[in-house]
Amino acid sequence: MITLKRFFGNVGENIAARYLMKNGYKIVERNFAVHNVGEIDIIASSPDGILVFVVVKRRKNTDFAEPSQNVDYNKRKKLTATARYYISAKRICMPTRFDVVEVIGRKVNHIIGAFYAEK
């Protein structure tokens, strides 16, 4: 059984994926997870040939904070470790970056290069 939180998250990820594809990105994987490390919502190839690790944050509104503000140091560290695992496992040899896609209601805000890899 899917929880309401997971359902809400899936809807946000679907909106983000459609937005990315509409803007020339190719979705490579979704919900890539490494046990006890972390999960990356979307992995996509940008129109300019960069492998992009995308974090999707969905909120109904911004009354308390922007959705991207929830991508804190610990979350970035987990995302970085998961991305490193993905790059190694798939033997990726291309430029990479981390983006955040905020979905607020049905509005999409794509933050390109939202953060750098944490050590």
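Reader: In this predicted model, contact means heavy atoms within 4.5 Å. Leaving aside neighbours within four places in sequence, with which residues is phenylalanine 53 in contact?

Author: The structure is a predicted model, and contact is taken as heavy atoms within 4.5 Å. Once neighbours within four places in sequence are set aside, the partners of phenylalanine 53 are Ile40, Ile42, Ile43, Ala83, Tyr86, Ile87, Thr96, Arg97, Phe98 and Asp99.

Reader: Which residues have the most contacts inside the largest nonpolar core, and which elements each supply at least two of its residues?

Author: The largest nonpolar core has 14 residues, and those with the most contacts inside it are Ile43, Phe53, Leu79 and Phe115. At least two residues of this core come from each of β1 (26-34), β2 (38-45), β3 (51-59), α2 (73-90) and β4 (96-104).

Reader: How many residues has the other core that lies apart from it?

Author: Among the members of this other core are Ile15, Ala16, Val54 and Val103. In soluble globular proteins, nonpolar side chains tend to be buried together. The number of residues in this separate core is 13.

Reader: Which element supplies the largest share of the lining of the largest pocket?

Author: The largest pocket holds about 390 Å³ of space. Of the 15 residues that line it, Lys5, Arg6, Gly9, Val56 and Lys57 are the closest to its centre. At least two lining residues come from each of α1 (4-22), β2 and β3. The largest share, six residues, comes from α1.

Reader: By class, how many residues in the lining of the largest pocket are nonpolar, polar and charged?

Author: Lys and Arg count as charged, whereas Gly counts as polar. By class, the lining of the largest pocket has three nonpolar residues, three polar and nine charged.

Reader: What distance separates the closest N and O atoms of lysine 90 and glutamate 29?

Author: A search of the whole structure finds two salt bridges, and one of them joins lysine 90 to glutamate 29. This pair links distant parts of the chain, with lysine 90 in helix α2 and glutamate 29 in strand β1, 61 residues apart. The closest N and O atoms of the pair are separated by 3.4 Å.

Reader: Are aspartate 99 and arginine 97 buried or exposed?

Author: The side chains of aspartate 99 and arginine 97 meet in a salt bridge, at 2.8 Å from N to O. Buried means under 20% relative accessible area. Both aspartate 99 and arginine 97 are buried.

Key
Residues numbered from 1 in each chain as written. Predicted model: local features only at pLDDT ≥ 70, side-chain atom pairs only at ≥ 80, totals over all residues. Heavy atoms only, no water. Core = buried A, V, L, I, M, F, W, Y, C linked by side-chain atoms within 4.5 Å. Buried < 20%, exposed > 50% of the residue type's maximum accessible area, 1.4 Å probe, protein only. Helix = DSSP H or I, 4+ residues; strand = E, 2+ residues; numbered from the N terminus. 1 Å grid on protein atoms, 1.4 Å probe; cavity = no way out; pocket = protein on both sides within 12 Å on 5 of 7 lines; lining within 4 Å. Points joined across faces, edges and corners; volume = space filled by probe spheres on them. Salt bridge = Lys/Arg side-chain N within 4 Å of Asp/Glu carboxyl O.
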